[in-house]
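The sequence and structure are shown below.

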Amino acid sequence: MQSFRFIDLFAGLGGFHLALERLGGVCVFAAEWKEHLRDLYEMNFDVRPAGDITKVKPEDIPDHDVLTAGFPCQPFSKAGEQLGFECTEQGNLFFNVAAILATKKPKYFILENVPNLLKHDEGRTWKEIQTILGTGEGGVGYHISAEKLSPHNFGIPQIRERVYIVGSLDPLSEFSWPETTETPTCIDSVLDDYPNDAKALSPQVNECLEVWDEFLKLCPEHVEPPWFPLWSMEWGATYPFEDTTPYACRQLKGLDGLKGFKGSHGVKIGYLKTIEERWSALPSHARTNTVTFPKWKKDFIRMNRQFYTDNKVWIDPWLPKILKFPSSLQKLEWNVKGGERNIWNYVLQFRASGVRIKRRTTAPSLIAMTDTQVPIIAWQKRYMTPRECAKLQSMDTLKHLPTSHTLAFKALGNAVNSNVVESVAKALIFTDDQNYKSKASSSTKLTADTL
């Protein structure tokens, strides 16, 4: 197969490397600031990444045909503070990528980030990226296209949408994004059967799931478990939320501001002696320092209270059983409408938003996970293993993963899916299958002057 040279920035576990190597690419430079990932990258690819990219001069980077970079997504993620380019630690790393493109002028680039990048700061961030990298005045000189893609569109059982941005020095008139599919997937395709290295559920987790399973079975057949997140702490609460907030009441009246209301699970706030105790009696989502709640929060509170009012006859005898668990385990997301009400039949995940229940068609979206957020294979009463999660990222061919499960899950949550990248890279570098075959059988290189 034809050879070309590429660089791998913010390399992580090497998802871009795996993809481009399969297409005949040779990595001539990589950068990764985390030392343990640099060691692992060298073990897997026999390339030692540079460290902090901000300390590498663009002119010192070898000539290359393709630049790849999954530049840090936290500054643009909905889950973070969305500081974007204002994030001094990570948001400005994009400009290091732009500087390398301006200096080395590879023929192509492939970037990856969270889909919120396109909407961040009301679209101004994406507009600025296009201006910096584009062919207009002051731009680096690339023709650009962007698309949101998810592994499940390529037959991989994971819904994890990411935005891919491609650039070419030549017009993209012959380029088209790879074809996707909506063919159903199944998580069983990446699972092992009771693997020895799988972490079993703790007694607390097992008990919590048993309590929620009882809730599902108590729910009458004619009552469909709601699509919205179930916040059990709202069942019995009466604190104000529509036109004001507990914070606003506290600011106006101090200790008496919350008197007469009920907090989490119907606790009477007025009987508590100090303002700190009264404040702590509220659900965590109600203890924000704001005088109005956003519409989505008001909607969820309102719907939860109405659901409780309509069903308290069977909820009340069950409710005390959930009180012993942490707040995050007192919430449930039922994402299997119409499915059998047996929690042990599904894929589960503990998130800050609650216990999430999903069908077995796909795994939850991999994130930079803590051990407690690793997907649970409920019918085997265990967590997924790092190797199974590597399959979800199409990285199971790696010989070495971090030896620590914690580090492995975090790295996999930050990784790009190598099969998706391969499809994008093939579509970009080889405009059609016939062209791909003719190029692959030829010894002619993409840019002979750089090889």
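Leu149, Ser150, Pro151, Arg160, Arg162, Tyr164, Gln393, Asn417 and Val420 line the largest cavity. A cavity is a set of points, on a 1 Å grid over the protein atoms alone, where a 1.4 Å probe fits but cannot get out, and lining residues have an atom within 4 Å of a point. The lining comprises four nonpolar, three polar and two charged residues; Ala, Val, Leu, Ile, Met, Phe, Trp, Tyr, Cys and Pro count as nonpolar, Asp, Glu, Lys and Arg as charged, and the others, Gly among them, as polar. The largest cavity holds about 40 Å³ of space, and the count is one cavity of 30 Å³ or more. A volume is the space filled by probe spheres set on the points, which are joined across faces, edges and corners.

The model is predicted: local features need pLDDT of at least 70, side-chain atom pairs count only at pLDDT 80 or more, and totals for chains, interfaces and linings use all residues. Residues are numbered from 1 along each chain as its sequence is written, and side-chain values use heavy atoms, with hydrogens and water left out.

The second largest pocket has a volume of about 300 Å³; a pocket is an open set with protein on both sides within 12 Å along at least five of seven lines. Its lining has 13 residues, of which Pro229, Trp231, Trp296, Phe300 and Ser353 lie nearest the centre. Strand β8 (331–334) contributes the most, with three residues. Helices (H or I, at least four residues) and strands (E, at least two) are DSSP runs, numbered from the N terminus.

The whole structure has 18 aromatic pairs, in which ring centres of Phe, Tyr and Trp (its six-membered ring) lie within 6.5 Å; planes under 30 degrees apart count as stacked, over 60 as edge-to-face and the rest as tilted. Two of the pairs are tabulated.

| Pair | Centre distance | Plane angle | Class |
|---|---|---|---|
| Phe109 and Tyr142 | 5.1 Å | 65° | edge-to-face |
| Trp227 and Phe300 | 6.4 Å | 65° | edge-to-face |

Trp227 lies in the loop between α5 (203–218) and β7 (230–231) and Phe300 in helix α8, so their pair ties together parts 73 residues apart in sequence. Trp227 is exposed at 63% relative accessibility, whereas Phe300 is buried at 17%; buried means under 20% relative accessible area, exposed over 50%, and partly exposed in between (1.4 Å probe, protein chains only).

His64 occupies the loop between α2 (35–45) and β3 (66–69) and is buried, with a relative accessible area of 3%.
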